[in-house]
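Subject: Structure for your review

Dear colleague,

Please find below the structure that I am handing over to you.

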Amino acid sequence: MSMDSKLFFQHLYNELEENNSLYPYYKLNRGSIAQQQFRKAYYLQRLNYIDRHVDRSIHPAIWDCGCGFGSTCFYFAMNGIASRGTTIEFYIDQIETRKKYWNRFGNAELFEYAYENLFDNPPAEEKYDYIILQDTLHHIEPLDKALAIFYRSLKKGGKLILVEENGSSIIRSLILYLKRGNKRVIKIYDNILQKNILLGNENIRSEKKWLKAFANTPFQLDPESIQYFRFFMPFMFNSHNLEQKIEREQQYWVQKNFVKRYGFFGINMVFIK
């Protein structure tokens, strides 16, 4: 069983056309052609980054912590790989509907999921080969306790795959400051868990700050894994230049250190146990 990311994206696009409930979380099929290509480029780069750092040959045990609607887990399921996703998002009730759609193309039942608080239900020690944290770790508080749980949960040599926004991006930081000020950690009441929990309020961090947080743990950074994503604006895309723009962006962040730190929207890195 095999499905590459481009075919997966096409099926995802068609699903969004059928299921309006996935909007506004997914806007891949909304807006102009340029906007759609801009979003497609970002989505595929992040998915391919995760896939590239997963060794399928070992029949990996994967935990997608903060799985949201579960798309990454569905991608692995379409490639015959089981995974477990956890979330405390209200839209978890959409996953069963999504399973019916994705069962047309593969075994969506390989994706197991639960509404689960990391601190209430930490996994067993050395259970996973990979932990995926995609737009998730900036929400989890307290961070130091979370990292300790992730470390214990990984097998020796296991990897934590971090896919995040770049906290030193000038534009993104300004937008977030205007929305929530400097209130980076808040307390909310979870109706399902029936208690108050701490939540990182879009508490995104720069490369330097992520490395500082992980420096207080036994995790080891894979220095070759650091990668920045999304610099060009939507109007610069069209229906024919997506791959060209991706290639140019990747050349650009390697060459231009200042632009990399303050201009790119996304940053990814891998930490190893």
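The notes below take up a pocket, a helix, a loop residue and some backbone features in turn.

Please bear in mind throughout that this is a predicted model.

Two or more lining residues come from each of α1, α2, β9 (227–229) and α8 (242–255). The lining consists of S5, K6, L44, Q45, N48, R52, Q227, F229, L242, E243, I246 and Q250. Sorted by class, these comprise 4 nonpolar, 5 polar and 3 charged residues.

Helix α5 spans residues 143–153, and its buried residues are L143, A146, L147, I149, F150 and S153. Viewed down the helix axis, the buried residues of α5 fall within an arc of 160 degrees, so they line one face of the helix.

Where does N19 lie? N19 belongs to the loop between α1 (5–18) and α2 (33–52). Is N19 buried or exposed? N19 counts as buried because its relative accessibility is 14%, and the cut-off for that class is under 20%. Leaving aside residues up to four places away in sequence, N19 touches Q94 and T97. With Q94 there is also a polar contact between the two side chains, at 3.3 Å.

The backbone has two cis peptide bonds to mention. One runs from Y23 to P24, with omega near 15 degrees; P24 is placed in the loop between α1 and α2. Another joins E141 and P142, with omega about 0 degrees, and P142 sits in the loop between β4 and α5.

Positive phi values also deserve a note. Q194, a residue other than glycine, has a positive phi near 60 degrees. Q194 lies in the loop between β6 (185–190) and β7 (195–200), and it counts as exposed because its relative accessibility is 54%, the cut-off being over 50%. R230 is likewise not a glycine, and its phi is positive at about 65 degrees. R230 is located in the loop between β9 and α8.

Yours sincerely

Note on methods. Residues numbered from 1 in each chain as written. Predicted model: local features only at pLDDT ≥ 70, side-chain atom pairs only at ≥ 80, totals over all residues. Heavy atoms only, no water. Helix = DSSP H or I, 4+ residues; strand = E, 2+ residues; numbered from the N terminus. Buried < 20%, exposed > 50% of the residue type's maximum accessible area, 1.4 Å probe, protein only. Polar contact = N/O pair within 3.5 Å; in protein donor to acceptor, adjacent residues only side chain to side chain. Contact = heavy atoms within 4.5 Å. 1 Å grid on protein atoms, 1.4 Å probe; cavity = no way out; pocket = protein on both sides within 12 Å on 5 of 7 lines; lining within 4 Å. Nonpolar A, V, L, I, M, F, W, Y, C, P; charged D, E, K, R; others polar. Arc of directions from axis to C-beta.
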